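Here are my notes on this one, written as numbered points. Have the structure open while you read, and click through the residues as they come up.

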Amino acid sequence: MDRDIQNGRKYEFDNYKVLLIILVVFGHILEIFTMRGDAECIRALIYSFHMPAFIFISGYFSRNIQSAYGRALKNCLLPFLVFNGIWLVLNLRTGFVDVFMPAYQFWYLLSLYIWRITAPSISRLRFAVPLTLFISLYIGCFHEADRFFSISRTFVYYPFFLLGYYMTEKTVKRIRSFSRLAGAGAVCAGLALTLWLNISGRAPVKTYENLQCYHCSGIGNLEGIGIRLLTGIVAAVILLGLLNLMSGRRFFFTSLGERTVVVYLLSAFFVRFLRSAADRLGVTADIQSQIGLLLAVAIPATLLIVYICSRKWVVRLYQRFFDGLARVLLKSES
């Protein structure tokens, strides 16, 4: 495998995370301006795999049981409570914060906390992956499973977390040993199928939100199960294809892969500010109606937001804040 290693970093995964965080921010900028037309197709291509891939990587690096228990509170739950609370207060303009109803993109940290503390036990079950896959399909039959405590997304994405959790370095090497042509073919085939599903109306962008039940999406349970299974398989094919293609070399941007959580959290506020600025300047309607102008705004804005949020001093402030908060709120491990 063509991989440089320094301080135990696996640069293929750092490069992978850089790609994914760029897609996350880019997709959210498109979403905050428009959910129709060409932008919807682009978002469908991104959303079809970017969170499953992130969750797969999170699972891969969560196999240390002590780390999973010892750091989940500090690295997942506390940031969720802080940023979710700030977002709700600022955007809903209310003094009441419902911590059981994750807002915007902050659901990921709550789900990640649940995955990390439960995976060591779940992984002891026989057929854990097929079992969680069954539940991820079955939960879409119930209206009650929605945003509350991120229940729907936690179960829908659990198989991807376990896929990474079970993935060994030997298996990663085997995947990366296949020809790059095979990896590119897998990614292209998955994206082509995603595009067809979107254009045909079988899997619109909302399909990938995994929030509402099948009936709320206007389809029956059996059809919904089939579509969710198909899109899940497509996501797995794309993310493994990208793992095959990802370079293991260290580039000038590779270090950003260590800071993606900070970028993920802070970018929400920058994206919101971008939309507010466009509204104040009176250019929102123009951006929404012209895909070329939308891309001309979204691409440089994405790169700028990722650059700002990934600066070392920003990451240090983030770490110091949550280190201090953890010392105040959490008991020291004896």
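1. Aromatic rings first: the structure holds 27 aromatic pairs. Rings of Phe, Tyr and Trp (its six-membered ring) pair if their centres lie within 6.5 Å; planes under 30 degrees apart are stacked, over 60 edge-to-face, and the rest tilted. Take Phe252 and Phe253: this pair is edge-to-face, with 5.1 Å centre to centre and 85° between the planes. Phe252 is exposed, at a relative accessible area of 76%, while Phe253 is partly exposed at 28%. (Buried means under 20% relative accessible area, exposed over 50%, partly exposed in between, using a 1.4 Å probe and protein chains only.)

2. A word on where this comes from: it is a predicted model, so local features need pLDDT of at least 70 and side-chain atom pairs count only at pLDDT 80 or more, while totals for chains, interfaces and linings use all residues. Residues are numbered from 1 along each chain as its sequence is written, and side-chain values use heavy atoms, with hydrogens and water left out.

3. Back to the rings. Phe83, Trp87, Tyr104, Phe106, Phe269, Tyr318, Phe321 and Phe322 form one aromatic cluster. There are charges over rings too, meaning NZ of Lys or CZ of Arg within 6 Å of the ring centre and within 35 degrees of the ring normal. Lys17 lies over the face of Phe61, 5.9 Å from the ring centre, and the charged end of Arg63 sits over the ring of Tyr60, 4.4 Å from its centre.

4. Now find helix α1 (residues 11–33) and helix α11 (residues 260–281), which pack at about 25° with their axes 10 Å apart. That makes α1 roughly parallel to α11. (Under 35 degrees is roughly parallel, over 145 roughly antiparallel, 65 to 115 roughly perpendicular, and the rest oblique.) Axes are lines fitted to C-alpha atoms, for helices over the stretch in contact, and angles run from 0 to 180 degrees between N-to-C directions. Helices here are DSSP runs (H or I, at least four residues), numbered from the N terminus.

5. Which residues of α1 and α11 meet? Among them are Lys17, Ile21 and Val24 in α1, and Thr260, Val263 and Tyr264 in α11. Contact means heavy atoms within 4.5 Å.

6. How many residues of helix α3 (residues 50–60) are buried? Eleven of its eleven, so this helix is mostly covered. The buried residues include His50, Met51, Phe54 and Tyr60.

7. Tyr108 is in helix α5 (residues 107–122) and is buried, at 7% relative accessible area. Not counting residues up to four places away in sequence, Tyr108 touches Met51, Phe54, Ile55, Ser58, Trp115 and Tyr264.

8. Last stop, helix α10 (residues 221–245), where you'll find Leu242. Leu242 counts as buried at 10% relative accessibility. Leaving aside neighbours within four places in sequence, Leu242 is in contact with Tyr16, Leu19, Phe49 and Val187. Helix α8 (residues 169–177) packs on α10 at about 80°, with the axes 7 Å apart, which makes α8 roughly perpendicular to α10. Val172, Ile175 and Arg176 of α8 make that contact with Leu240, Leu243 and Asn244 of α10.

Conventions. Helix = DSSP H or I, 4+ residues; strand = E, 2+ residues; numbered from the N terminus.
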